[in-house]
Amino acid sequence: MEEADGSERGGIRSALPLGSLIAPSGDEVELPELEGKVIGLYFAANWYPKCEAFTPALAAAYQQLRARGAGFEVVFVSCDEDGPSFERFHRAMPWPAVPFGDLPCKKSLSDMFQVEGIPRLVVLAPGGAEVVCPDAVELVHRYGDPAFPFTPARVAELEADERSKFASQTLEKLFSVGHVKNGSNEQVPIASLVGKTVGLYFSAHGCEPCVKFTARLAAIYGNLKGRSQEFEVVYIPMDKDEDGYERSRGDMPWLALPYDGAPSRELARYFDVREIPTLVVIGPDGKTVTRDGRNLVNLYFDMAFPFTEEQVRLLQELEDEQAKGYAPSLRHAGHRHELSVVSEKSGGGPYVCCECDEQGLGWAYQCIACGYEIHLRCGRDAEDGGAVGAGQ
């Protein structure tokens with residue numbers, strides 16, 4: 001006969017080394033409340049940025065699943081360094097946690113599921129004895145609450161649906177709204193963008209990398225418009241509030257989605273946007289050209305247009321040819337060791353240039369000993385007489 005406290009054979013208590021749990025308020029949570037539910041063990045810590053970034057995504061999925069009555073519960077297993085940090089982090093979560101002081105329980109769970117990195121979301125079948133998904137972090141990032149119950153069969157369905165959507169993608173289908181706004185707050189029909197190369201720019205106010213990239217993209221946007229290229233950009237706001245959204249738009253000469261979180265979240269999830277700024281480029285046929293528009297802009301500026309594989313290949317060939325004119329090695333004011341020319345095949349990139357702090361790929365001047373790398377073009381700024389060997 002089953003016991004009322006849920007400790008019957010095969011119950012959650014016998015499957016997992018759980019003692020008492022606590023709610024974010026500090027109240028005790030009874031283990032029977034977990035019985036019959038799919039359980040996500042969430043290993044995380046407040047000091048790790050990836051955990052801070054993932055927790056809101058998991059919370060949104062959790063709330064949506066709870067709202068529609070899905071049998072899902074999350075248990076926070078803290079990797080925080082002290083009690084106050086644990087309490088602050090836990091208060092931002094809507095689910096219970098293993099008490100910070102229950103070290104034996106936390107260690108047993110970490111050992112049981114071989115947790116070596118965070119964030120980690122181990123999903124267990126009802127009862128807790130069977131692992132449904134060893135780590136559902138990627139699934140929550142990509143699909144949100146539709147990933148429930150996180151089984152291989154459900155994942156296969158989602159992936160098939162995703163492939164179908166990308167295959168039939170059009171610009172109109174991408175947007176759940178029919179209009180975007182220009183700088184004068186006039187409505188511009190999405191249909192008017194069909195046939196153009198369109199950049200979907202995911203950004204937010206107060207993000208330092210976004211501020212820097214926005215200025216660069218704006219300059220390139222102006223250059224392409226000046227050459228009458230069929231190029232448009234639509235701001236996909238990741239701002240936390242409408243004031244930030246309006247401030248962001250003030251620095252942008254292009255179109256923008258209205259400030260409404262749902263369409264932006266849908267697009268961010270569809271394109272699996274994990275960080276900002278991100279520039280996704282849609283071709284004239286409505287299909288995705290690249291999700292790597294930011295790096296292509298940083299690498300090739302307006303020459304990256306129209307961002308196709310063919311254009312990138314031509315630019316790489318041009319760079320290969322130009323590299324023949326650079327000195328094979330040089331001394332650079334920013335580094336104490338001699339730098340040597342490397343290509344992608346001999347150890348170059350992707351990298352971030354130590355001189356200008358911008359993206360690099362393939363060709364570089366590199367310190368073999370330290371890994372210090374700069375663009376070939378940044379090497380031109382070496383002090384007079386610093387180059388070693390012929391070639392310039």
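Glutamate 317, with a relative accessibility of 41%, counts as partly exposed, a class that lies between buried (under 20% relative accessible area) and exposed (over 50%), as judged with a 1.4 Å probe on protein chains only. The structure is a predicted model, in which local features need pLDDT of at least 70 and side-chain atom pairs count only at pLDDT 80 or more, whereas totals for chains, interfaces and linings use all residues. Residues are numbered from 1 along each chain as its sequence is written, and side-chain values use heavy atoms, with hydrogens and water left out.

Glutamate 317 takes part in a salt bridge with arginine 313, in which the closest N and O atoms are 2.4 Å apart; the term denotes a side-chain nitrogen of Lys or Arg within 4 Å of a carboxyl oxygen of Asp or Glu. Both residues belong to helix α12, where they are four residues apart, about one turn of the helix; helices (H or I, at least four residues) are DSSP runs, numbered from the N terminus. Arginine 313 also forms a salt bridge with glutamate 310, for which the closest N and O atoms are 2.6 Å apart, and these two residues, three apart, again lie in helix α12, which comprises residues 309-323. Glutamate 310 is partly exposed, at a relative accessible area of 41%, and arginine 313 is likewise partly exposed, at 36%.

A further salt bridge joins lysine 324 to glutamate 321, with 3.2 Å between the closest N and O atoms, and lysine 324 is exposed, at 61% relative accessibility. Elsewhere, Glu138, Asp272 and Arg274 are linked in a network of salt bridges, and the count for the model comes to 17 salt bridges.

In soluble globular proteins, nonpolar side chains tend to be buried together. When residues up to four places away in sequence are not counted, leucine 109 touches Leu16, Pro17, Leu18, Leu41, Phe43, Val77 and Val98, a contact being heavy atoms within 4.5 Å.
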